[in-house]
Amino acid sequence: AWLPNVLFSAGQILDSPLAYYIPQWRTFLWAVQGVVLVGVLNLFFLRESPQWLAANGYSDEVHVVLSAMATTNGCKPPPPPLK
């Protein structure tokens, strides 16, 4: 769970330079919310963790996610799960 903490810290660090270049507070808030919106929209394109899927008994979905990961990385997909 370190990634949300790192992103929060990076956001806090970037607030000061952004506020320096955008002195109007309303425009500054719109700029910050635009960055947040990009992060929230990313959630719809992320797949569930294969570890979570396997722990909860979704073996078919695990294979789909691992196959997509292998294709993205230029590897051959894993064999299908045993029934």
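These legends walk through close-up views of one predicted model. Residues are numbered from 1 along each chain as its sequence is written, and side-chain values use heavy atoms, with hydrogens and water left out. Because the model is predicted, local features need pLDDT of at least 70 and side-chain atom pairs count only at pLDDT 80 or more, while totals for chains, interfaces and linings use all residues.

**View 1. The largest pocket, with lining from helices H1 and H2.**
About 680 Å³ of space lies in this pocket. (A pocket is an open set of points on a 1 Å grid over the protein atoms alone, where a 1.4 Å probe fits, with protein on both sides within 12 Å along at least five of seven lines; lining residues have an atom within 4 Å of a point. The volume is the space filled by probe spheres set on the points, which are joined across faces, edges and corners.) Of the 18 lining residues, Leu7, Phe8, Val35, Val36 and Gly39 lie nearest the centre. Helix H1 (2-21) and helix H2 (25-42) each supply at least two lining residues, and the largest share, 10 residues, comes from H1. Helices here are DSSP runs (H or I, at least four residues), numbered from the N terminus.

**View 2. Helix H4 and its buried residues.**
H4 has 14 residues and reaches 20 Å from its first C-alpha to its last, close to the 20 Å expected at 1.5 Å a residue. (The expected span is 1.5 Å times one less than the number of residues.) Val62, Val65, Ser67 and Ala70 are the buried residues of H4, and they pack against helix H3 (50-55). Buried means under 20% relative accessible area, exposed over 50%, and partly exposed in between (1.4 Å probe, protein chains only). Just after H4 comes glycine 74, with a positive phi of about 75 degrees.

**View 3. Serine 67, a buried residue of H4.**
Serine 67 has 14% relative accessibility, so it counts as buried. Leaving aside neighbours within four places in sequence, serine 67 is in contact (heavy atoms within 4.5 Å) with Pro77 and Pro78.

**View 4. The 2 aromatic pairs.**
Rings of Phe, Tyr and Trp (its six-membered ring) pair if their centres lie within 6.5 Å; planes under 30 degrees apart count as stacked, over 60 as edge-to-face and the rest as tilted. Tyrosine 20 and tyrosine 21 have ring centres 5.1 Å apart and planes at 85 degrees, so this pair is edge-to-face. Tyrosine 20 is exposed at 64% relative accessibility, and tyrosine 21 is exposed at 65%. Tryptophan 52 and tyrosine 58 have ring centres 5.9 Å apart and planes at 15 degrees, so this pair is stacked.
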